[in-house]
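Thanks for coming, everyone. Please bring the model up on your screens, and we will walk through a few parts of it together.

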Amino acid sequence: MTDSAIDYTAVFQALPGMVALLTPELVYADVNDEFVRVSGRSREQLVGRYLFDVFPDNPNDPASTGRRNLEASLYRVLATGERDAMALQRYDVEDPERPGEWQERYWSPLNAPLLGPDGKVALILHRVEEVTELIRARGRPGGGRGGRSRVLEAELYTRARELQELNERLRQAHSREREVALALQEAMLPDRQVSPHHRAAVRYRPAVGALNVCGDWYDLVDLVGGHRVGVSVGDVVGHGLEAAGVMGQLRSALSAASRVAEGPAQALDVLGRYAHVVDGAESATAVTTFIDFDRHTITYSSAGHLPPVLVHPDGRAEFLDGATDTPLDARPDPIPRPQAETAFTPGATLVLYTDGLVERRGEDIDTGLARLADALHRNRGQDPETLADTVLLELLPPGGATDDTALIIVRL
């Protein structure tokens with residue numbers, strides 16, 4: 001059976017369990033038959049109406065938190081683009097046949113995002129499992145052990161509530177750390193406005209999630225002697241504030257070393273020795289290129305990093321992998337790093353990036369590199385700023401990558 005032959009509307013209606021689709025404004029876009037049956041509301045009473053107009057908190061229970069907890073979960077899905085499983089909830093529901101009378105109900109909700117073409121949350125899939133009868137059965141004769149069963153039930157509910165509150169505090173703490181880490185990284189990375197005689201574009205995209213941020217960095221420096229510029233990217237293992245601090249130290253050290261080094265290999269040698277004494281720099285990688293606009297050459301060296309791409313004016317993508325070596329802290333001190341040189345034609349494009357742009361879980365890295373080469377070939381006529389946006393749009397997943405991404409594009 002082909003996809004076109006499947007009636008997905010019928011599939012949705014036949015799904016076991018209560019399932020609803022909510023808009024980002026928390027309005028019911030659709031509900032399946034089981035949702036209608038268990039909720040005791042007709043489709044007309046649900047579709048097109050605001051969720052909490054249909055199911056408000058019980059006004060007779062000032063301590064009720066059902067609405068607050070559900071609302072917080074739904075807004076987390078909208079903000080993060082990630083699914084959110086809630087703890088067991090007591091959420092009383094007004095009897096549709098007896099206005100003013102409220103029924104004690106227990107629910108186990110799961111909220112998941114449905115992303116649109118722009119990568120933003122277009123709908124929320126709201127799946128609910130009702131466990132009211134199970135909870136009640138444990139308290140009836142033969143359904144458990146009488147009063148002891150009710151005590152266990154109350155203990156289960158209390159522990160679930162405590163777990164949810166703890167998770168919420170952890171989310172808030174992680175969110176604050178991410179904001180601090182992003183601010184720290186923004187302060188330490190160079191300004192996007194590079195030297196006016198270099199047509200360059202830089203981009204940084206933090207990873208999705210609470211703590212996946214601040215491992216990647218980039219740098220552009222004017223070099224002494226002629227019309228030359230150094231372009232580098234690097235990646236620190238780990239995330240959060242510690243990785244941001246290590247990133248800042250390594251970027252600053254390489255920037256200083258590049259200004260006095262004879263070439264990129266020597267600059268990475270100096271950085272590697274420095275990485276040995278920096279806690280958290282283990283297995284960090286970097287690649288640096290020295291571009292000579294007078295000689296039309298690129299000299300490069302890599303410390304365990306993915307190779308830069310030189311896109312020639314005819315669209316041919318050349319990976320600069322002739323001087324690839326071990327990560328920064330892994331090379332014995334007396335042995336110099338390799339270095340290579342290649343010529344370029346004016347109008348060519350040099351691209352440096354970090355692994356968040358090309359790596360995907362369960363996929364060979366060569367597939368990601370081929371995807372990058374194809375995007376650069378097809379869009380080679382775009383100016384660097386436009387090309388940078390195009391590459392990110394085409395290569396990053398709609399919901400964002402699970403690792404940081406740094407990208408530098410230089411028109412030579």
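Strand β12, residues 285-292, pairs with β13 in the antiparallel sense, over six bridges. Two strands count as paired if DSSP finds at least two bridges between them. Strands here are DSSP runs of E with at least two residues, and helices are runs of H or I with at least four, numbered from the N terminus. Across this pairing, V287 stands opposite S302 of β13.

A word on the source. This is a predicted model, so to speak: local features need pLDDT of at least 70, side-chain atom pairs count only at pLDDT 80 or more, and totals for chains, interfaces and linings use all residues. Residues are numbered from 1 along each chain as its sequence is written, and side-chain values use heavy atoms, with hydrogens and water left out.

Now look at the turn of that hairpin. Four residues sit between β12 and β13, and H296 takes a positive phi near 60°. H296 is not a glycine. Is H296 buried or exposed, or in between? Its relative accessibility is 31%, so H296 counts as partly exposed. Buried means under 20% relative accessible area, exposed means over 50%, and partly exposed is in between, with a 1.4 Å probe and protein chains only.

Stay with β13, residues 297-303. Seven of its seven residues are buried. Both faces are covered: T297, T299, S301 and A303 on one side, I298, Y300 and S302 on the other.

Next, another hairpin. β10, residues 216-223, has seven of its eight residues buried, so it is largely enclosed by the rest of the structure. It pairs with β11, residues 228-235, in the antiparallel sense over eight bridges. L223 stands opposite R228 in β11. Four residues separate the strands, and G225 takes a positive phi near 85°.

One more loop. L26 lies between β1 (18-22) and β2 (28-31). L26 has a positive phi of about 65°, although it is not a glycine. At 0% relative accessibility, L26 counts as buried.

On to a helix. Which residues of α10 are buried? They are G368, L369, L372, A373, A375 and L376. They cover an arc of only 165° around the axis, which puts them on the same side of α10. That arc is taken from the directions from the helix axis to the C-beta atoms. What covers them includes β14 (309-311), β15 (317-319), β18 (349-353) and α11 (384-395).

Finally, the whole protein. It has eleven helices and 19 strands. Of its 412 residues, 46% are buried. Confidence comes as pLDDT, the predictor's confidence in each residue, from 0 to 100. The mean is 81, and 78% of residues reach 70 or more. Where is pLDDT under 50? It stays there over residues 141-145, for which the model has six contacts beyond four places in sequence. A contact means heavy atoms within 4.5 Å. Where pLDDT is low, the predicted coordinates should not be read in detail.
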